[in-house]
Amino acid sequence: MPEAKPDSRKGQENGFEPKIVAFFCNWCTYLAADLAGTSRMKYAPNMRVIRLMCSGRVDPQFVLEAFAEGADGVLIGGCHPGDCHYQEGNYKALRRVRMLKRLLKTMGIEEERFRLEWISASEADRLKVAVNDMVEKLRALGPLKLETPKEFFAEEVKAA
Amino acid sequence: MSEPAMEKQKPKVAFYWCASCGGCEEAVVDLAENILSVVAAVDIVFWPVALDFKRKDMEAYPDGAVLAGFVNGAIRTTEQEEMAHLMRRKCKVLVAFGACAQLGGIPGLANLWSRESIFQTVYHDSPSNANADGTLPKTFYRENGYCVSLPGFFDTVRALDQVVDVDYYVPGCPPTPKILHEALGTLLSGKLPPKGTVLAPDHALCEECPRKDTRPEKLTLTAFKRPSEVVIDQEKCLLAQGVVCLGPATRAGCEALCPRGNMPCTGCFGPPSRVHDFGAKALSSVASIIDSNDEQEIDRIAGTIPDLVGTFYRYSLPASPLRRKKAAPPAL
Amino acid sequence: MNGNGHNAARIGVYVCDCGTNIAGVIDVKALAAFAGTLPGVVVSREYKYMCSDPGQELLVQDVRDHQLNRIVVASCSPLLHEHTFRTATAKAGLNPYYFHMVNIREHDSWVHEDHPAATEKAKDLVRAAVRRVVFHKPLERKKVPIHPDVLVVGGGIAGIHTALTLANAGKHVYLVEREPTIGGHMAKFDKTFPTLDCAACILTPKMTAVKQHPNITLWTLSDVEKVEGYVGNFKVTVKRHPRYVLEDVCVGCLECIEACVYKQAKYPDEFNLGLGKRKPIYIPFPQAVPLIPVIDPDTCIEFKSGKCKKTCVEACGDRHGIDFKQKESTETIDVGTIVMSTGFQVFDARRLPYYGYGKFPNVYTSLEVERLINASGPTGGEVILRDGQKPKTVGILHCIGSRDENTNRWCSRVCCMYSLKLAHLIKEHTGAEIFNFYIDMRTPGKGFEEFYQRLLNEGVHFIRGKGAEISAWPLDPSEEGKLTIRVEDTLIGKIRRIPVDMVVLSVGLEPHADAGDVRRLFNISCSQEGWFLERHPKLAPVNTFTDGIFLAGCCQGPKDIPDSVAQAGAAAAESLALIDAKFVELEPNTAYIVEDACSGCKTCIPLCPYSAISFLEEKKRAEINEALCKGCGTCVAACPSGSIRQNLFEDEEIFEEIKGVLAHA
């Protein structure tokens with residue numbers, strides 16, 4: 001299987017900006033993001049946060065849907081192990097994420113595109129660093145370009 | 001004479017097979033005695049595996065002249081795509097018959113590779129090949145004024161509804177005679193369910209499984225086992241024995257044939273209607289019962305399922321949101 | 001666009017400028033204009049301060065004028081004003097949950113410098129909200145009434161204090177204790193550190209107050225058998241074991257004990273940890289509450305053979321207080337809140353055979369020595385060896401069964417202090433030479449360090465090294481007839497052998513052996529070590545994850561008496577807060593099972609930390625108790641057949657948000 005190369009039509013030089021969909025738990029990571037705001041920290045604008053009550057609510061279907069709809073990266077934010085507001089939700093999230101990561105890798109989605117971060121309500125800085133780091137890594141990887149658009153089929157037939 | 005007049009009134013049905021193993025065709029035959037009632041009620045006007053009607057016979061019918069078309073198999077070649085369109089035009093109601101047509105099926109797992117790599121393996125690298133010239137199939141070949149052609153081979157396997165509009169689905173790999181019989185009955189009854197309905201019960205397999213009561217109320221696992229690694233107890237819940245059984249995630253209707261045969265359910269009936277993506281939900285439920293909160297231990301336990309795509313997307317890779325392993329755009 | 005399939009969605013979008021907080025970075029006019037183009041949006045406005053009264057009025061007016069049925073406000077964090085706008089939505093006549101909020105301030109204008117990018121982000125977020133809100137359903141906050149009665153489980157100092165505090169506040173309390181008397185471990189102590197207050201002197205007035213308080217129903221020799229229900233509405237079944245002496249008849253003259261056919265006490269006395277003896281009919285200690293004798297059916301002749309002279313009955317005379325036929329009974333009570341104060345057990349020193357406990361007669365545990373020191377103990381306050389002699393040398397070994405990888409890893413918090421106390425008291429009673437063997441000296445509380453200094457000045461020897469072994473095998477004449485403590489004295493870097501007459505093992509505190517069973521009964525959790533688990537170690541140390549159940553005292557973790565009493569007051573306050581509020585309102589983000597969809601696969605059952613999901617045997621389906629469900633959504637994500645949904649966080653709603661943030665305008 002030839003290595004999927006980043007789409008040369010919109011490379012780093014042309015200012016590709018990755019889009020990250022983030023699922024943040026209400027009690028820790030969402031609060032950390034709020035704190036980053038009240039502290040006027042600045043970070044890359046590539047992330048779109050979807051608020052959930054707990055990282056345990058993150059269904060792998062959401063992650064796959066995000067990638068399928070065009071996300072270049074997916075970030076899950078939850079409480080540190082042991083601190084989950086609902087006691088164990090983040091552990092369930094961890095179990096699913098570990099398995100899903102391996103499956104995504106098999107599907108050609110690079111590890112850096114799917115990230116789990118434990119960020120407590122006071123760790124605004126950690127959030128900023130994680131977001132900026134993820135954006136950097138995704139810029140280098142290029143867009144996910146998962147779709148096999150219809151025109152490819154027509155081209156394929158010609159090529160075959 | 002009354003007989004010919006009656007024959008004119010019998011509704012027409014058509015069958016076609018795309019990228020298929022033939023098991024779904026067998027399922028029709030497996031109706032056994034019930035096939036007589038089918039044959040009595042309908043006129044089969046197209047069934048390449050069993051009857052001698054040709055493509056041009058189908059093309060000759062007016063659009064919508066055939067009441068129901070049953071297409072099994074996934075869409076892999078240009079010919080299958082054309083036939084899918086043909087069936088859609090000629091049939092009032094188009095039924096995706098079997099897991100391959102509904103979800104992509106086993107052929108769908110080829111979406112982990114590209115056409116190029118498949119051809120490379122099959123025509124070059126396979127140890128039993130003797131292909132010194134490096135001959136590869138082509139869609140056209142001319143010699144001596146003659147021209148032979150082959151259908152084009154798509155890079156990506158697709159489910160039927162990713163090519164044409166589908167009215168109903170009959171799930172299974174293959175659909176059981178009971179499901180097929182009930183589906184036929186529903187379609188011939190005139191009381192059609194909403195478009196897009198899967199013609200099978202809408203809850204998970206556990207509902208019908210004889211081992212249901214033996215699953216403990218609180219089950220968590222420290223290892224998963226493959227059926228070859230453990231002597232499977234005939235009565236106990238398979239998941240409780242550590243064997244990955246996808247019954248909880250799979251639509252019911254087959255009466256738990258595989259568990260009754262002492263094997264785990266592999267998900268061939270696809271998901272119930274409330275689930276968006278079978279593989280993701282099945283993975284979620286299996287991962288959730290891993291008995292550990294430590295990342296390394298979780299990885300170890302999850303690692304006892306070596307082939308995640310093959311386990312969770314065995315029948316449904318083309319229908320999943322990702323559809324295929326991320327492909328490079330073909331060289332243009 | 002039909003969402004609920006009834007009316008088409010008519011959405012009002014409100015973009016807040018928040019002065020320049022948002023408008024200074026995001027092009028709010030363009031944003032509002034963009035929102036106006038989205039499917040379903042009927043009204044799209046931009047306003048300076050949406051949270052202000054006129055801002056909210058604008059919203060209310062629009063609902064009326066334009067027949068809006070959904071509201072989206074793009075402003076600050078929902079954690080700030082979601083409630084404000086939900087209330088405004090309700091005021092406008094809509095169900096408050098038809099509202100959704102977009103955070104374009106904390107998450108956007110305040111954190112991004114690239115204005116166009118920030119505006120694009122805002123557009124994505126608003127698009128997502130507009131798509132999502134279509135699928136919102138009308139929801140009701142469930143109101144649950146709180147029963148004013150309280151159950152306190154465990155009658156030690158913590159339970160006693162909780163019960164008295166609540167009773168004084170006018171609430172009715174059931175205090176259930178499994179022993180024949182309340183008082184717990186504190187009743188066994190002689191003096192308490194660091195003040196050397198007599199434990200009985202400060203405890204017994206509280207015990208008496210419990211007995212006399214009209215608002216407290218005291219049930220001793222009783223166990224909780226079953227707990228059903230949820231916050232505000234617990235139904236508890238209590239099993240009352242027979243005392244064989246009638247509580248409402250006995251006046252506590254104790255003549256029956258005097259009259260018992262056993263002239264001498266013969267059986268090991270539980271209260272004195274087996275160091276003393278009692279008769280088959282006995283009271284645990286002189287200040288027991290209730291002061292009513294108890295008959296032990298395993299040792300009483302009447303129970304064993306039916307042929308006793310029953311001199312006790314004779315002594316009781318026409319009161320007829322003794323009833324050999326008394327049966328156990330069951331009480332069912334309704335309470336609104338429960339306080340767990342079941343305390344601890346001491347570490348069993350037999351688990352560490354190298355200390356010789358149970359093998360060498362003069363190796364004692366600290367609790368046993370408390371009883372020796374106590375004037376009402378088995379030796380009348382004499383600290384003596386088994387042969388009756390006073391010890392001339394005593395070794396006190398700290399951290400037995402604490403800070404130990406082989407047994408319990410935690411520090412039991414009180415042992416350094418009580419070891420100092422015992423050193424002082426033993427020296428006072430015997431004049432012996434005392435050695436304390438410690439790893440660290442932990443004296444954090446008020447007056448604790450000063451107490452340590454006092455001991456240093458009293459000439460007690462302190463050796464920094466954990467006692468490794470007790471042996472009776474003399475290696476030289478000085479060790480003949482003594483117990484030798486082998487220890488690495490880390491301050492001088494030498495292994496030492498110190499012969500003593502008496503060894504005291506400062507045993508640690510651990511959870512009761514049946515803590516795991518008890519916690520399941522009450523549907524609370526235990527930590528990994530086995531202590532009852534608090535909701536949050538800093539911000540909610542007396543709450544549990546089960547609403548309405550609180551913790552007090554050592555059952556939550558080792559602590560001393562002042563901390564136990566403080567927690568007991570805190571637990572009482574938490575109960576009072578619920579009771580006086582009369583109702584508790586539950587946020588409607590609970591999970592629910594789609595009717596008839598559940599196939600009974602039981603995947604969800606072990607996943608809920610609140611045990612809100614139960615399996616109904618008859619129907620072979622799972623069921624979620626709405627009052628117990630906290631709305632984390634873990635079961636929703638795990639259900640393999642998609643048969644569990646979560647209010648306010650439905651799959652469709654989230655899929656729409658995902659599509660909304662990624663759709664290219």
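**View 1. Domain 2 of chain C against domain 3 of chain C.** About 910 Å² is buried between these two domains, and carbon and sulfur atoms give 81% of this area. Buried area is the accessible area (1.4 Å probe) that two parts lose on being put together, summed over both. C:Pro180, C:Thr181 and C:Lys188 supply 45% of what domain 2 of chain C buries here, more than any other three residues. The model is predicted: local features need pLDDT of at least 70, side-chain atom pairs count only at pLDDT 80 or more, and totals for chains, interfaces and linings use all residues. Residues are numbered from 1 along each chain as its sequence is written, chains are lettered from A in the order in which they are written, and side-chain values use heavy atoms, without hydrogens and water.

**View 2. Chain C against chain A.** Here 44 residues of chain C contact 42 residues of chain A, contact meaning heavy atoms within 4.5 Å. The buried area is about 3,900 Å², with 61% from carbon and sulfur atoms. C:His107, C:Trp110 and C:Leu662 supply 16% of the area that chain C buries against chain A, more than any other three residues.

**View 3. A salt bridge between A:Lys19 and C:Asp124**. Their side chains meet at 3.1 Å, N to O. A salt bridge is a side-chain nitrogen of Lys or Arg within 4 Å of a carboxyl oxygen of Asp or Glu. Across the interface of chain C and chain A the rule finds four. Between domain 2 of chain C and domain 3 of chain C it finds zero.
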